Amino acid sequence: SRQRRMQHKQTGRTLFFINHHGPLPVNSGGRCGGEATAYNLLKLIATKAKQDDAIVLVGDFNSGPDSTTVQKLRQRLHSIYTGTSFGGVDNILSSSPHVINTRNLGSGGSDHDALEATIST
């Protein structure tokens with residue numbers, strides 16, 4: 001997973017953005033399982049983000065909406081948008097529940113669809 005903290009110049013608000021590419025096989029959570037994968041992502045957020053950061057977690061989780069990984073993450077973050085490719089393995093989650101809009105932009109040549117979401121923090 002790659003992460004970055006970014007600060008809005010005008011408001012001073014900070015966003016902690018994580019791009020995650022989950023382990024294979026799909027819906028397995030990898031060698032350690034889905035619960036451990038979710039725990040490690042939440043631990044990354046807890047140790048790297050600051051208390052007032054808005055959190056956005058995106059990516060090809062290689063786990064569908066009913067997987068242990070995604071279900072555990074949804075206990076702590078709001079599900080903003082789930083794609084349709086490969087049974088819904090592409091996700092956008094956030095600490096903010098305030099969704100302005102979402103859109104599936106299509107594949108554009110990839111085997112996954114590009115997802116777009118506008119979230120108010």
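A word on the ground rules. This is a predicted model, in which local features need pLDDT of at least 70 and side-chain atom pairs count only at pLDDT 80 or more, while totals for chains, interfaces and linings use all residues. Residues are numbered from 1 along each chain as its sequence is written, and side-chain values use heavy atoms, with hydrogens and water left out.

Now the overall picture. Taken along the principal axes, the C-alpha atoms fill a box of roughly 40 × 30 × 20 Å. Of the 121 residues, 39% count as buried; buried means under 20% relative accessible area, exposed means over 50%, and partly exposed is in between, with a 1.4 Å probe and protein chains only. The chain exposes about 7,300 Å², and carbon and sulfur atoms supply 47% of that; the areas come from the Shrake-Rupley method with a 1.4 Å probe, and for residues only the protein chains shown count as cover. Among contacts between residues at least 6 apart in sequence, 52% join residues at least 24 apart, a contact being heavy atoms within 4.5 Å.

Let's go inside. Which residues have the most contacts inside the largest nonpolar core? They are Ile 18, Ile 45, Ile 55, Leu 57 and Leu 73, in a core of 14 residues. By nonpolar core I mean a set of buried Ala, Val, Leu, Ile, Met, Phe, Trp, Tyr and Cys residues joined through side-chain atoms within 4.5 Å. Four elements each supply at least two residues of this core: β2 (14–21), α1 (34–48), β3 (54–60) and α2 (68–73). Helix α1 gives the most, with four residues. Take Ile 45: leaving aside neighbours within four places in sequence, Ile 45 is in contact with Phe 16, Ile 18, Ile 55 and Leu 77. Apart from this core lies another, of six residues, including Val 56, Val 58, Ile 80 and Tyr 81.

Ile 80 and Tyr 81 bring us to Thr 102, which touches both of them along with Glu 116 and Ala 117, not counting residues up to four places away in sequence. Thr 102 sits in strand β6 (residues 98–104) and is partly exposed, with a relative accessible area of 33%.

Over in strand β2 we find Asn 19, partly exposed at 41% relative accessibility. How far apart are Asn 19 and Leu 57 in space, C-alpha to C-alpha? The separation is 6.0 Å, although they are 38 residues apart in sequence. Beyond residues up to four places away, Asn 19 touches Ser 1, Arg 2, Val 58 and Gly 59.

Next, some loops. Arg 74 is in the loop between α2 and β4 (78–82), and is partly exposed with a relative accessible area of 28%. Setting aside neighbours within four places, Arg 74 is in contact with Pro 65, Ser 79, Thr 82, Asn 91 and Leu 93.

The loop between β2 and α1 holds Pro 25, and the peptide bond from Leu 24 to Pro 25 is cis, with omega near 0°. Asn 27 lies in the loop between β2 and α1 too. What is phi of Asn 27? It is near 70°, a positive value in a residue other than glycine. Asn 27 is partly exposed, with a relative accessible area of 46%.

Finally, look at the loop between β4 and β5 (90–94), where Phe 86 lies. Phe 86 has a positive phi of about 55° although it is not a glycine. Is Phe 86 buried or exposed? Phe 86 is exposed, with a relative accessible area of 51%.
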